[in-house]
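Subject: A structure to look at

Hi,

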Amino acid sequence: MKEKFTTLVSTAVPLPGENIDTDQIIPARFLKATTREGFGDNLFRDWRFDQGGSPVKSFVLNDPVYSGKILVGGKNFGCGSSREHAAWALYDYGFRVVVSSFFADIFKNNALNNGLLPLVVSDSFLKKLFELITKDPSVKLTVDLQAQTLSVTGIKEHFDINLYKKTCLINGYDDIDYLLSLRTEIKSFDNTHSQLQVAE
Amino acid sequence: MSVGKPKTIFEKIWDSHVVKQADGYPDALFIDRHFIHEVTSPQAFDGLKTRGIPVFNTQRTTATADHNVPTRDQHLPIKEALSRHQVETLRKNCKDFGIELYDLGHPFQGIVHIIGPELGLTLPGMTIVCGDSHTSTHGAFGNIAFGIGTSEVEQVLATQCVLQYKPMTMKIEINGTLGKGIVSKDIILYIISKISSSGATGYFVEYAGDAIRSLSMEARMTICNMSIEMGARGGMIAPDEVTFNYIKGRKFAPAGKAFDLKVQEWKALKSDEGAAYDKVLKFDAADIRPMITYGTNPGMGMAVTDRIPTVEELKEINEQASFKKSLDYMGLEPGSQLLGKSVDYVFIGSCTNARIEDLRMVADIVKGKRKAANVEVWVVPGSRQVEEQAKKEGLDKIFEAAGFELRSPGCSACLGMNEDKVPAGKYCISTSNRNFEGRQGPKSRTFLASPLSAAAAAITGKVTDVRDLV
């Protein structure tokens, strides 16, 4: 059972670069843990800290002006590796929503499987968001998952999410619960299928 | 095959693996072959332990240690404590749950996407997953293979299924003849440079055309391997005689009569005449020159003789900002040429280009030559079997004479996770698949290229047009 997601009202952190890959979100050398916790400490590690380990002042996560549970990222967010650690790191750091105009497929799945909402908006809406947040970092975004809307200071955009994933997020369900309920059917599929696959 | 609507090979395999299709739910897709490694599996096993359930079918999962392993002194305990712990955790999980593990020192150990095909575990018509985005490699055999996250690894261990929405389909056709010194790595880098690192997101790609048909299995694997670098869920090539000949006699492949029967079945694995794709792209092999990347995503590639675009040549403002940041990271000037640029490291390895043909290709060029004094060259075979074969053919002697270091199998300097890292600020021409910031080590700078181009750079010490050497 995951944390349930319904509505979120929060300030947001802007990260406008395009093609933010999972190696930036969490570099491979920090993938050595065998649990899901603690990855937030190394979120955006090489942008956030210099080689001596001191915070890079110019990086947005180190800028006290910006905070919140919503990360607004540039186009093609989460491209690259399948590491779920990227979703874990964002969640562990405290983010619950990532807004972008385009997400890489595997990252999107991984986020949804961990209660982190990948929220797709149009290019023009994304541009407006960046402008609004930079102009006034205290501006609050409202994510209403039930209504599938993202609104901020008088502008609103509808976003798509498939019904199954929406239900999972709202209720905190895992995919695995559904699959486990199919175990008998899978077993019989495996038995007949394997005869086809391995013709001895 | 069934009468009715013509189907693509992708649809045929997908449809025959759907266990359950329920309204409002993604498809429960049955998985024939599951590969696991030390990095993306521990949390999945923890999930099984928490639920108190066993692995659904242990015969369908195979494990190896690759990402975190040192490529020197593999007989000694891993020095780095966290890496050692992760490999030990894999060992324990495989033992506790009854899964076959090709551990360090085992004759079958190697990079997960290299060992599956070479052991005959990867076959046409299958569904294959692994907690690794380069699982697309296996698609070269005409199967549906794609990378998954750890939650999905847990789904497969627990139920032998993953919940998936059927992606869209894309056909990429490459016809014509490749020029001298141009290999499959150049084909895929060329395609990605044309359609960008997100150009195939949401699609499953089928590669077709006579230029693809002319390639060996190993060369086809290089192409499918990098499908994810244009965002594709996976990439596949319909099987043919080249495929069947490769599989024949492999350790776990069907043998004798069973093999002949399977070949008959596999021959039906092709897209029907008139099958519809959501998108079709066509390229001419004759247009492809030796490729190299200059930026920090695999879409930022060009012919080695070209110059880097100028900022003004990019249309969008957002793109311009990312482009500038990327070139700044790389320490390169917009509009400049890479040809002749001095490099510090040459890495020949990874699931993209660490098979025996890759090593042979490199050996052919460097035979009787010596590396330039300014470069350090690592050759890291993709598996223990590749390493053994290279030694049997005397390639190790050629590398040694050239001043190249032949190491033991693993993911090595592809991802900056193990001991093999490119130092900050240094340039590495690499046969791997990603040139992201810090990919090969913090602040490292990567030029992706073919094994031939990498070998040429090793000899000259700088970015070189390999056509001048072959």
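Below is what turned up, starting with the contact between the chains and then moving to a pair of helices.

Please bear in mind that this is a predicted model.

**Between chain B and chain A**

How much area is buried between chain B and chain A? The figure comes to about 5,600 Å², and carbon and sulfur atoms give 55% of that area. Chain B brings 77 residues to the contact, and chain A brings 60 residues. On the chain B side, the residues that lose the most area to chain A are Gln43(B), Arg51(B) and Phe56(B). Together they make up 11% of what that side buries.

There are also six salt bridges between chain B and chain A.

**Two helices in chain B**

Next, find helix α6 (residues 184-195) and helix α8 (residues 217-225) of chain B, whose axes come within 8 Å. Those axes cross at roughly 20 degrees; angles under 35 degrees count as roughly parallel, so α6(B) and α8(B) are roughly parallel to each other. The crossing of α6(B) past α8(B) is right-handed.

Which residues make this contact? From α6(B) they are Ser184(B), Lys185(B), Ile187(B) and Ile188(B), and from α8(B) they are Ala219(B), Thr222(B) and Ile223(B). By type, the residues of this contact are four nonpolar, two polar and one charged.

Happy exploring, and best wishes

Methods
Residues numbered from 1 in each chain as written. Chains lettered and ligands numbered in written order. Predicted model: local features only at pLDDT ≥ 70, side-chain atom pairs only at ≥ 80, totals over all residues. Heavy atoms only, no water. Axes fitted to C-alpha atoms, helices over the stretch in contact; angles between N-to-C directions. Helix = DSSP H or I, 4+ residues; strand = E, 2+ residues; numbered from the N terminus. Parallel < 35°, antiparallel > 145°, perpendicular 65-115°, else oblique. Left-handed = near helix turned anticlockwise from the far one by under 90°. Contact = heavy atoms within 4.5 Å. Nonpolar A, V, L, I, M, F, W, Y, C, P; charged D, E, K, R; others polar. Buried area = accessible area lost by both parts, 1.4 Å probe. Salt bridge = Lys/Arg side-chain N within 4 Å of Asp/Glu carboxyl O.
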